Amino acid sequence: MATSDPITRRLQRLFAALDTAEEGFVTWSNYQQIVDRYATGYALAKSEPRIKHLERAYWAQWLGLLSQATPGQDRLSQGEFVAAHRAVDYGTHAAQLLEDLAQAVFNVLDADADKRINRDEFARYLDFCNISSSDAAVIFRRLDLDGDAFISQREVARSIRAFHLYNDDLNTPGGIFLGLYH
């Protein structure tokens, strides 16, 4: 059996994380569950602007994926999901989809709206994601690329982009914002 490349393996893991009912496909409702988890985890109303921004960002990404599938589909199998992510080509014309998602995620995590995520804000995020506090320092350090003890919107965007496009590390830190951490 041929080994797939690291990005394909990451996308397969993302698919598995999204397919919470283990039905073998993902739909918009799987993305809506992510938005709902943020709303619940941060005690924000679904009508709150930060949650609406997050929902719009995920909706745009979902529509981008569907645009790469067979017309009329409203769900994607694992193979279709991976192929759609590859076809969207986040490195060029669809790069704004990842930027919008990063901005929306950042805005939710930046609870005090000071344009940076501090360790306490990040710890809250990890807590609602059920990630152990023992992993928090390592994850924070990997995301804090400039070493200033804060995570910027740019660092969130770079980590999400790296997850989709660039490195061979299956545990690239951008996965943390997409529901993946192992």
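This is a predicted model: local features need pLDDT of at least 70, side-chain atom pairs count only at pLDDT 80 or more; totals for chains, interfaces and linings use all residues.
Colleague: What should I know about the model before starting?

Modeller: Local features need pLDDT of at least 70 and side-chain atom pairs count only at pLDDT 80 or more, while totals for chains, interfaces and linings use all residues. Residues are numbered from 1 along each chain as its sequence is written, and side-chain values use heavy atoms, with hydrogens and water left out.

Colleague: Happy with that! Is Thr-8 buried or exposed?

Modeller: Buried means under 20% relative accessible area, exposed over 50%, and partly exposed in between, using a 1.4 Å probe and protein chains only. Thr-8 has a relative accessible area of 12%, so Thr-8 is buried. Arg-10 is buried too, at 0%.

Colleague: Where does Arg-10 lie?

Modeller: Helices (H or I, at least four residues) are DSSP runs, numbered from the N terminus. Arg-10 lies in helix H1, residues 6-18, and Thr-8 is also in helix H1.

Colleague: Which side chain does Thr-8 meet in a polar contact?

Modeller: A polar contact is a pair of N or O atoms within 3.5 Å; within protein, one must be able to donate a hydrogen and the other to accept it, and residues adjacent in sequence count only if both atoms are side-chain atoms. The side chain of Thr-8 pairs with that of Arg-86 at 2.9 Å. The Arg-10 side chain reaches the backbone oxygen of Ala-162 at 3.4 Å.

Colleague: Which backbone nitrogen does the side chain of Glu-155 reach?

Modeller: That of Asp-146, at 3.0 Å; the backbone nitrogen of Leu-145 also lies 3.0 Å from a polar atom of the Glu-155 side chain.

Definitions and conventions: Helices (H or I, at least four residues) and strands (E, at least two) are DSSP runs, numbered from the N terminus.
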